Amino acid sequence: MPSLIDFRRRIRSVKNTQQITKAMKMVSAAKLRRAQERVIAARPYAKTMRELLANLSSAAASAESAESPWLSRREPKRIDLIMISSDTGLAGAFNSNLLKAALKFYDDHPGAEIFLTLVGRKGRDFFRKRPSNIIADYINVLNRPTYADAAGIAKEVIRRFRDGETDAVHVLNNEFKSVMSSRLSVQQVLPLELEEGSAPVAQDYIYEQEPVAMLEQLIPRYVEVAVFRAMLETVASYQAARMTAMDTASSNAKDVIEALTLHMNRVRQAAITKEIIEVVSGAAAAE
Amino acid sequence: MSTLHLQVVGPERMLVDEQVSEVQIPANDGYIGVLPGHAALLSALKPGGVLTYVIAGQTRKLALYGGFVEVLATSARVLADGAEFGSEINKEKAQARLAVAAKAADHISPDTDQQAAQDELLRAQAAVEAAA
């Protein structure tokens with residue numbers, strides 16, 4: 001039976017832990033707000049770009065143009081996968097869900113050779129221990145991702161696709177949905193797939209340059225934007241996951257403290273009862 | 001007086017979202033002046049150039065570092081690879097950047113990317129011009 005002092009010690013230790021998890025939750029909440037603002041601020045660019053791409057690709061498709069490496073569709077035998085995980089853990093199943101999705105991606109593309117570009121320490125550590133083709137890994141870029149970071153990451157992937165070394169490029173990341181939930185997103189970036197419904201508004205544009213030439217300039221940008229957006233989404237959903245995890249941890253600590261306090265009081269009560277019995281029986285014996 | 005809806009969006013944020021009366025765009029093949037009612041047009045932008053727009057009689061300048069523009073009768077949308085307000089540019093820093101860029105562009109060696117050096121020179125020039 002642990003003594004009173006042992007209980008007090010354990011309660012103090014759990015309380016300390018609880019304070020830490022509470023603080024971490026607050027930090028994540030503040031970071032989440034900033035991350036969300038950045039996700040929103042980056043939206044108009046991505047939207048404008050999609051609309052321009054839709055216009056240009058329909059123009060390029062109608063124009064009798066030479067085959068562009070960007071628009072050619074090849075059978076996806078070699079695939080570049082850009083996976084964005086987080087650098088640190090303590091965020092519940094955030095990274096393990098992502099890694100499961102990555103393994104599923106392998107299963108979904110049997111016969112294809114998959115090359116990995118890993119952003120975030122967790123993903124890198126996972127795949128380093130496994131037989132896999134890692135082209136590049138980037139860690140410590142997720143604290144405050146800038147567009148330049150995203151462009152740097154996308155550069156090699158873009159070159160490989162242009163030179164025909166890979167047939168497709170996918171981006172895998174967690175997408176921010178709400179504080180309580182995130183969604184896994186696997187997006188095919190190249191070859192270009194424009195969603196249905198983004199049908200271009202028929203515009204009779206004057207093209208200052210050849211549509212195909214502009215498209216060739218715009219597509220690498222599109223890849224960079226996809227990577228940038230994925231990074232921002234990852235940061236936001238990571239902070240949300242961490243906040244939720246720390247909230248759960250804080251309330252678990254509270255439960256533990258309550259249970260321990262209850263036990264401690266029982267032990268104290270037992271000790272008091274024992275003493276009373278001793279006194280009473282001592283007195284009875286003396287009579 | 002009729003106006004034109006000008007939007008300048010950069011990758012990280014939207015810089016301009018306003019009704020303007022006139023705008024000058026640094027397109028790849030030269031500056032384009034746009035007034036309301038312009039014909040629909042799509043063009044790439046110069047790697048470095050200054051966008052000037054007039055809002056309520058006031059002229060404002062913006063350094064643009066490449067991108068695309070879409071002009072419609074009542075709107076102009078600039079998809080900028082990078083952009084900075086003239087008023088936000090530090091003049092000394094811009095001058096220093098220009099000096100470095102000019103040197104790099106002059107200096108021809110096999111291991112420098114000439115195209116990149118020229119583009120950087122244009123960007124630095126745009127920054128200095130917008131800051132002025």
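In chain A of this predicted model, strand S1 (residues 78–84) and strand S2 (residues 113–119) pair in the parallel sense over seven bridges. Two strands count as paired if DSSP finds at least two bridges between them; strands (E, at least two residues) and helices (H or I, at least four) are DSSP runs numbered from the N terminus. Within this pair, Arg78(A) stands opposite Glu113(A) in S2(A).

S1 and S2 belong to an open sheet of five strands in chain A, in the order S3-S2-S1-S4-S5, with mixed pairing. Strand S3 (133–138) and strand S5 (182–190) of chain A stand at the edges with a single partner strand each, so one side of each has no neighbour in the sheet.

Helix H4 (residues 121–128) of chain A lies across S1, S2 and S3 of chain A, at about 140° to S2(A). Such angles run from 0 to 180 degrees between N-to-C directions, and axes are lines fitted to C-alpha atoms, for helices over the stretch in contact. Residues are in contact if their C-beta atoms, placed from the backbone, lie within 7 Å.

Helix H1 (residues 4–41) and helix H6 (residues 211–286) of chain A pack at an angle of about 160°, with their axes 7 Å apart. H1(A) and H6(A) are therefore roughly antiparallel to each other, a term for angles over 145 degrees.

Residues are numbered from 1 along each chain as its sequence is written, and chains are lettered from A and ligands numbered from 1 in the order in which they are written. In this predicted model, local features need pLDDT of at least 70 and side-chain atom pairs count only at pLDDT 80 or more, while totals for chains, interfaces and linings use all residues.

Definitions and conventions
Contact = placed C-beta atoms within 7 Å. Parallel < 35°, antiparallel > 145°, perpendicular 65-115°, else oblique.
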